[in-house]
Amino acid sequence: MTENKKRVFSAIKPTGNPTLGNYLGAMKYWGRMSDEYDCLFSVADLHAITVAIEPKELRENTKRLFALLIAMGVDPEKNVLFVQSHVPAHSELCWLLNNYTMFGEARRMTQFKEKSEKAPENVNVGLFDYPVLMAADILLYQAEIVPVGEDQMQHVELCRNIAERFNGRYSPTFVLPEGRIPKYGARIHSLLDPTAKMGKSDSSADGTVLVLDRPEDIARKFKRAVTDSGKGVFASPDKPGITNLLTIYASLLDISIEDAEREFKDSDYASFKTKVGEAVIETLRPIREKYELLRRDDGALLSLMKQGADKAAYLARRTLEKVYKKIGFVR
Ligand code: TRP
């Protein structure tokens, strides 16, 4: 970590199996940020248990996500890449911040309300506390920029409120972070229902492409992708299927939608779908190969995790010690 670049923090939960939508929407860009920013990226395993998850699934998802991020270009030498639970300061600061978070403001969180309605049998306190743990993640590293999806913006706002309250009560302690929705991140929809988001929960369905899918499965999924009536490969609100495929192609190749349209202006739908499928296969191939290499040696993967956690823990401790002292704990 140098002191002259702005600091970025973001995290992803190890729930489900990462999809093409996750990749093109966010993960792809993480690896590119380290030139401009000092980046910390975390696998948010502590957040993953707010919704019921099997032990073996949590373990596998955590290793998979960590290795995948490296395979996608997050260089563990240039970034601080770590597993959240390996740095106990996250849980510690979360407890402290709980006392500077109002019940009323936490209760207003849209995601809490939505998740409570979805699983009324498991409305646990961890689910309620989820955004406070997120605030701890961010504030520990004095991050200035927090790239997130739109659904997480409210949580970053809450984080700012908590930080301001703490700073006001004691003295300036935390940097106030700014949530940022990456403008280049594409929103990818299901191949079978292009009005719905490509989700990691319905990953068995052919509408969702997984980053680790085999090439033959990717090819099949694109062959079956729904198109629209009429012909002509161009983006339009009346053509959600074609628009989705064009968006996938353009963001894979880092070109504009217009350039993608130009490339396919004489194509019929069948060959267009095949071409997009091939582009996905070729982009994901080196990622999958690097991933498989990383998963061959568990010991080496664990030592990369440890290396990241050591770097993160050093930074986190500095903030945490200040916080303990300001509140009046005997150190
Ligand atoms: N809750 C975030 C999500 O679901 C993941 C996350 C955990 C996060 N901690 C964070 C994102 C801190 C940004 C900053 O996407």
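Which helix gives the most to the lining of the largest cavity?

Guide: Happy to! In this predicted model, helix H3, residues 55-71, gives the most to that lining, with three residues. The largest cavity holds about 50 Å³ of space and is one of two cavities of 30 Å³ or more found in a search of the whole structure. Eleven residues line the largest cavity, and Lys13, Pro14, Gly16, Pro18 and Leu65 lie nearest its centre. By class, its lining has five nonpolar, three polar and three charged residues.

The second largest cavity has a volume of about 40 Å³. Its lining consists of Gln111, Phe112, Lys115, Leu127, Tyr130, Pro131 and His155, with helix H6 (110-118) and helix H7 (125-140) each supplying at least two residues. Here the classes are four nonpolar, two polar and one charged.

Now to the ligand. Lys13, named above for the largest cavity, is among the residues around the ligand. Tyr130, from the lining of the second largest cavity, is also among them. A nitrogen atom of the ligand is 2.6 Å from an N or O atom in the side chain of Tyr130; for the side chain of Asp137, the corresponding distance from a ligand nitrogen is 2.7 Å, and for that of Gln152 it is 3.1 Å. Taken alone, the ligand exposes 370 Å², of which the protein buries 90%. Strand S1 (6-12) and H7 are the elements that give two or more residues to the shell around the ligand, and H7 provides the largest share, four residues. That shell has eight nonpolar, two polar and two charged residues.

Conventions: Residues numbered from 1 in each chain as written. Predicted model: local features only at pLDDT ≥ 70, side-chain atom pairs only at ≥ 80, totals over all residues. Heavy atoms only, no water. 1 Å grid on protein atoms, 1.4 Å probe; cavity = no way out; pocket = protein on both sides within 12 Å on 5 of 7 lines; lining within 4 Å. Points joined across faces, edges and corners; volume = space filled by probe spheres on them. Nonpolar A, V, L, I, M, F, W, Y, C, P; charged D, E, K, R; others polar. Near = heavy atom within 4 Å. Polar contact = N/O pair within 3.5 Å; in protein donor to acceptor, adjacent residues only side chain to side chain. Areas by Shrake-Rupley, 256 points an atom, 1.4 Å probe, with all protein chains shown as cover.
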